[in-house]
Amino acid sequence: MVAARTENEILPPQSLTQIPVVRQLGVMLGIAASVAIGVAVVLWSQTPNYALLYASMAEKEINEVLDSLNKLNVDYKIDAASGSVMVPAGKLDELRLKLAGQGLPRGSGTGFELLEKESSFGTSQLVEQARYQRAIEGEIARSITSIQNVRSARVHLALPKQSAFVRKRKKASASVVVKLYSGRGLDKGQVEAIVHLVASSVPQLESSNVTLIDQLGRLLSSEDGSSDVFLTSKQFDHKQQVENHLIGRIETILAPLVGPSGMRAQVTADIDFTITEKTQDSYNPERSSLRSEQTEEHVSQSSSVQGIPGALSNQPPAAGVAPETAPDGGLAG
């Protein structure tokens, strides 16, 4: 008699060849999925989190920052939505310190954003005026930075407190420091444009009171627009224009006679740039002319009310009394 198998009896293990093909594929897919999930978890745990490096940077500044990151061998990515530079979060502070040591980002400061900040209840008028002046300096610096060859700029305004008296009023002045790109410079036209830009941006500021220097401490603008150096430069340009004009006229006249190759013209213009200022007051001796006139007029008018002020002067006059005896000795009737 064959003994019956109980439910608790353990069946012998089956070999892989004894398992159906469908179950074999399911087991293999499960193992592959488990391995893939494990690898993904490991890679995800090793992938650094990216954080925003700087916000609101110009395209020129972004290129400079990316060049520095490439030199530092730092992984970064560009946010497709905002175009911002993203770096590993663990290296954020370290990278900001390194970039700051290189002067990056080369922002031109803040402008009128300072006025958008909320002021406390106890903010004084002096603080508000200083904030407004700092905002103007930042906006002017931004405009100067947009000029080609200028890497960054700083503007300092000296705005004195004006007096109510016209003769005691002081003129405003400005100082501008520009940092140029390596191997580049500003020509004369660009220097004059920056000076006039600053002068036009500030009320009662003349272009002669604007000083412009570069990062090497070289004076780019003249201290006075009427200085000898400034005038000499303009005089030289005018002299060259006159000489070239005369040479062209001479060649135009003689070229049909002797041919272009049979002549050579050279002109040296001697121009007198002397400036004479003369002040003259002239009078005609034959006829009298009034040079100056001075009139004085005094008017005195006495008041109709006279007398000694007081209670006695304000009392009415006494009643009249008729005499009892006539002047001729008779009784007054």
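Biologist: Which residues have the most contacts inside the largest nonpolar core?

Modeller: In this predicted model, the largest nonpolar core has 23 residues, and those with the most contacts inside it are I144, V178 and V198.

Biologist: And which elements supply at least two residues of this core?

Modeller: That holds for each of α5, β4, β5, α6 and β6, and α6 gives the most, with five residues.

Biologist: What is I144 in contact with, leaving aside neighbours within four places in sequence?

Modeller: With those neighbours set aside, I144 is in contact with V150, A153, V155, V176 and V178, and also with I194, L197 and V198. Another core lies apart from this one, and its 15 residues include L69, V74, L92 and L99.

Biologist: Back to the strands: in what order do β4, β5 and β6 form their open sheet?

Modeller: The order is β4-β5-β6, and the pairing in this three-stranded open sheet is mixed. The edge strands are β4 and β6, each of which pairs on one side only, and neighbouring strands of the sheet are turned by 15 degrees against each other on average, direction ignored.

Biologist: Where does α5 come in, and what angle does its direction make with that of β4?

Modeller: Helix α5 packs on the sheet, where it touches β4 and β5, and its direction makes about 150 degrees with that of β4.

Biologist: Do β5 and β6 pair in the parallel or the antiparallel sense?

Modeller: Strand β5, residues 173-180, pairs with β6 in the parallel sense over five bridges; A174 stands opposite V210 in β6, and V177 stands opposite I213 in β6.

Biologist: Which residues of β6 are on the covered face, and which on the uncovered one?

Modeller: In β6, residues 210-214, the covered face has V210, L212 and D214, while T211 and I213 are on the uncovered one. As background, side chains in a regular strand alternate between the two faces of the sheet.

Biologist: Switching topic, is N149 buried or exposed?

Modeller: N149 is found in the loop between α5 (125-145) and β4 (150-158), and with a relative accessible area of 15% it counts as buried, because the cut-off for that is under 20%.

Biologist: What does N149 touch, and how far is a polar atom of its side chain from the backbone oxygen of G185?

Modeller: Not counting residues up to four places away in sequence, N149 touches L180, Y181, R184, G185, L186 and Q190. The backbone oxygen of G185 lies 3.1 Å from a polar atom of the N149 side chain.

Biologist: Now the sheet with β1, β2 and β3: why is one side of β1 and of β2 left without a neighbour?

Modeller: The three strands form an open sheet in the order β1-β3-β2, with antiparallel pairing. Both β1 (50-52) and β2 (77-78) stand at the edges with a single partner strand each, so one side of each has no neighbour in the sheet. Three bridges join β1 to β3, residues 85-88, and L52 stands opposite M86 in β3.

Biologist: What about V85, buried or exposed?

Modeller: V85, whose place is in strand β3, is buried, with a relative accessible area of 0%. Not counting residues up to four places away in sequence, V85 touches A51, L52, L53, Y54, M57, I62, L66, L69, Y76, K77 and I78. The C-alpha atoms of V85 and L66 are separated by 8.2 Å, with the two residues 19 apart along the chain.

How values were computed
Residues are numbered from 1 along each chain as its sequence is written. This is a predicted model: local features need pLDDT of at least 70, side-chain atom pairs count only at pLDDT 80 or more; totals for chains, interfaces and linings use all residues. Side-chain values use heavy atoms; hydrogens and water are left out. Two strands pair if DSSP finds at least two bridges between them. Helices (H or I, at least four residues) and strands (E, at least two) are DSSP runs, numbered from the N terminus. Buried means under 20% relative accessible area, exposed over 50%, partly exposed in between (1.4 Å probe, protein chains only). A polar contact is a pair of N or O atoms within 3.5 Å; within protein, one must be able to donate a hydrogen and the other to accept it, and residues adjacent in sequence count only if both atoms are side-chain atoms. Contact means heavy atoms within 4.5 Å. A nonpolar core is a set of buried Ala, Val, Leu, Ile, Met, Phe, Trp, Tyr and Cys residues joined through side-chain atoms within 4.5 Å. Axes are lines fitted to C-alpha atoms, for helices over the stretch in contact, and angles run from 0 to 180 degrees between N-to-C directions.
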